[in-house]
Amino acid sequence: MSVPRILGIDPGLRVTGFGVLEKHGNQLLYVASGCIKSNDKESLPERISTLFKGISEVIATYQPNQAAVEKVFVNVNPQSTLLLGQARGAALSALVHAGLPVAEYTALQVKQAVVGHGKAAKEQVQDMVVRLLNLPGSPTADAADALACAICHAHGGQGLGALATAGYRVKGGRLIG
């Protein structure tokens, strides 16, 4: 069986973060991370194309065999939610087009897996990503969120990566049995 190489994606129309790591037993090894940026001056279809091509390039470069994507939350602004959903669709399309199995996680699940509670601040997520992957410096917020999604998949995901949450409920940002 091959070593799990996980591509985490934090979708966004303006900036989509990506992070790649490998899981060797209980050890996580950092491979790469970064951001794919679309130009605000381009049309929506051009921006979606930029994200699709960027993620496809990341897949071709780092050859992941699994992917994890953060699920969209409903925002106060419906227009922002719609645009985020379209960016997420571009990411999912690129992953599926490449033949990767895709797991999806809520922000709560990602924060729970990385920090230990679902109401963690972005800075706490970044700090834990640095600690868990033994990084020399802090990645950008978008790249850290993508790496956190990959870490969540590595910790909670077996096979296609669904966290075992049946029979649990959320209380205070934590999964309670």
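Gln 63 sits in the loop between α1 (44–62) and β4 (66–70). Helices (H or I, at least four residues) and strands (E, at least two) are DSSP runs, numbered from the N terminus. The phi of Gln 63 is near 50 degrees, a positive value in a residue other than glycine. At 55% relative accessibility, Gln 63 counts as exposed. Here, buried means under 20% relative accessible area, exposed means over 50%, and partly exposed lies in between (1.4 Å probe, protein chains only).

The model is predicted: local features need pLDDT of at least 70, side-chain atom pairs count only at pLDDT 80 or more, and totals for chains, interfaces and linings use all residues. Residues are numbered from 1 along each chain as its sequence is written, and side-chain values use heavy atoms, with hydrogens and water left out.

Now for the whole protein. It has 5 helices and 7 strands. From the N terminus on, the elements run β-β-β-α-β-α-β-α-α-α-β-β. Of the 177 residues, 42% count as buried. Contact means heavy atoms within 4.5 Å. Among contacts between residues at least 6 apart in sequence, 58% join residues at least 24 apart.

Ile 36 gives a view of one buried site. This residue lies in strand β3 (residues 27–37). Its relative accessibility is 8%, so Ile 36 counts as buried. Leaving aside neighbours within four places in sequence, Ile 36 is in contact with Arg 14, Val 15, Thr 16, Phe 18, Thr 50, Leu 51, Gly 54, Ile 55 and Val 58. The C-alpha atoms of Ile 36 and Ala 143 are separated by 9.5 Å, and the two residues are 107 apart along the chain.

Helix α3 (residues 107–114) comes next. Gln 109, Val 110 and Val 114 are buried there. They cover an arc of only 120 degrees around the axis, which puts them on the same side of α3. The arc is that of the directions from the helix axis to the C-beta atoms. The buried residues of α3 pack against β5 (102–105), α4 (122–133) and α5 (141–156). Just after α3, Gly 116 takes a positive phi of about 110 degrees.

Charged pairs link several parts. A salt bridge is a side-chain nitrogen of Lys or Arg within 4 Å of a carboxyl oxygen of Asp or Glu. By this rule the count comes to 5 salt bridges. One of them joins Arg 5 and Glu 22, with the closest N and O atoms 2.5 Å apart. Arg 5 lies in strand β1 (residues 5–10) and Glu 22 in strand β2 (residues 15–24), so the pair ties together parts that are 17 residues apart in sequence. Glu 22 counts as buried, at 16% relative accessibility.

Another salt bridge joins Glu 104 and Arg 88, and here the closest N and O atoms are 2.0 Å apart. Glu 104 belongs to strand β5 and Arg 88 to helix α2 (residues 78–97), so this pair ties together parts that are 16 residues apart in sequence. Glu 104 is partly exposed, with a relative accessible area of 37%. Arg 88 is buried, with a relative accessible area of 12%.

Asp 127 and Arg 131 form a salt bridge too, with the closest N and O atoms 2.9 Å apart. They are 4 residues apart in helix α4, so about one helical turn separates them. An α-helix has 3.6 residues a turn, so residues three or four places apart point the same way. Asp 127 is partly exposed, with a relative accessible area of 37%. Arg 131 counts as exposed, at 59% relative accessibility.

Past α4, follow the chain into the loop between α4 and α5, the place of Asn 134. Asn 134 has a positive phi of about 55 degrees although it is not a glycine. Its relative accessible area is 68%, so Asn 134 is exposed.

On a 1 Å grid over the protein atoms alone, a pocket is an open set of points where a 1.4 Å probe fits, with protein on both sides within 12 Å along at least five of seven lines; lining residues have an atom within 4 Å of a point. The largest pocket has a volume of about 530 Å³. Of its 22 lining residues, the closest to its centre are Asp 10, Pro 11, Glu 70, Phe 73 and Lys 122. A volume is the space filled by probe spheres set on the points, and grid points are joined across faces, edges and corners. α2, α3, α4 and α5 each supply at least two residues of the lining. α2 gives the most, with 4 residues.
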